Amino acid sequence: MTYHAIINYFLPPRIEFGVGAIGNLGNHVKSFGKKKPFIATDAGVVRAGILSNAVKSLASKQIHHVVFDEIEPNPTDRMALKGLEVYRAEACDLVIAIGGGSVMDAAKAIRLLATHEPPLERYFLDGGGIENITGNLPPLISVPTTAGTGSEVSQAAIITDTTHQTTDRWRKRAIVSPHMMSSLALLDAELTLGMPPALTAATGMDAVTHGVEAYVATRYHPISEGIALQTLRMLGRNICRVYHHGNDIEARGEMLLAASMAAVSFQKGLGAVHSLAHQLSSEEANIPHGIANAILLPHVMAFNLTYAVDRYAEVAAALGVSAPSNSKEEMARAAIEKIHLLNRELGMPTGLGEAGLKKEHIPRLAKDAMLDHCYKVNPRPCNETDMKRLFEAAF
């Protein structure tokens, strides 16, 4: 038996899953003993009418609230400070995040600053910030409206740092701590029914990438490995089904729950895909994160192949594919081909160039990818030259 150093495993927060769960929001706010929630959301959620479901539930319990709907994709440290001003001015005591990953990440940052001294620079993982985060945080209820990031159950908030502390450009950085997890995640598949096919595909492939990278990451975490494989089984059965039949509430529910499970699984870690993809939401490329992940994933899998043959063979089985001889190497290669097939069926761009990346930016982005923490548990060690070659292979 192999013995390991002492490891701490963190299970996700309470998850309430089911059609109509948003109707219980008012009861949950009451259960936390709070009086004035701060709702973090974006203009798209408001336009889609999704926010009205939450407001109705709060009104039924005579709960006054304030709405901050200025969150944009790829939230910045500046946006978190702006939200903090509203939170404090309105004397709020609980945060509700209603939206996709950007909204939930921004809400986590605002919540953190409500009780922790700014700036956010003090809390980024790559600067040792985990030691500065305590459990002294207001409650956070997260209500995802997309099925992809799993931010509602993860320990991380991904925030764009505008301070130029680490590079000469804005860069995505992670705030990570078990204390950052939501107090409650409300998963209501009805809230995802309005997602257009393209967004359904991008967020779904984000979840697939989480499951694959978590399963092959090098940390010892058998709990996450089991969850990752079940996540991939659920995604494999449902991602194309929900892409082609957006009103299938059962498939929507499976995708929503699988996205949360994938985020639980990546407590084990992620990999080079994410270190690369985090660079692509910058001003140089502005590629949505799920699309970047989808394009990069098969190329990183090919790069890792000889270091993770057994694991990728199991990924293939979980995704429902097989190979003529069922040898581990053939199965592993079948897993890579499955990702290519999914990308084609889901209408993904054929490469990063088509998605918006300019080739001359690759060297700079490859250098910055080495500042990201995710690649450190990639099954195959990688350096700046490898990052450059992976960008070029996916171009």
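Proline 37 has leucine 94 of strand β4 as its bridge partner. The two strands involved, β2 (residues 37-40) and β4 (residues 94-99), run parallel and are joined by four bridges. Strands here are DSSP runs of E with at least two residues, helices are runs of H or I with at least four, and both are numbered from the N terminus. Two strands pair if DSSP finds at least two bridges between them.

The model is predicted: local features need pLDDT of at least 70, side-chain atom pairs count only at pLDDT 80 or more, and totals for chains, interfaces and linings use all residues. Residues are numbered from 1 along each chain as its sequence is written, and side-chain values use heavy atoms, with hydrogens and water left out.

Six strands make up an open, parallel sheet in the order β1-β8-β5-β4-β2-β3. At its edges are β1 (14-17) and β3 (66-68), each pairing on one side only.

Axes are lines fitted to C-alpha atoms, for helices over the stretch in contact, and angles run from 0 to 180 degrees between N-to-C directions.

| Helix | Strands | Angle to β4 |
|---|---|---|
| α3 (residues 50-60) | β2, β3 and β4 | about 150° |
| α5 (residues 101-115) | β2, β3, β4 and β5 (140-144) | about 165° |

Elsewhere, leucine 296 sits in helix α10 (residues 289-304). Leucine 296 counts as buried because its relative accessibility is 0%; buried means under 20% relative accessible area (1.4 Å probe, protein chains only), exposed over 50%, and partly exposed in between. Leaving aside residues up to four places away in sequence, leucine 296 touches Val273, Leu276, Ala277, Leu280, Leu352, Leu390 and Ala394.

Methods: Contact means heavy atoms within 4.5 Å.
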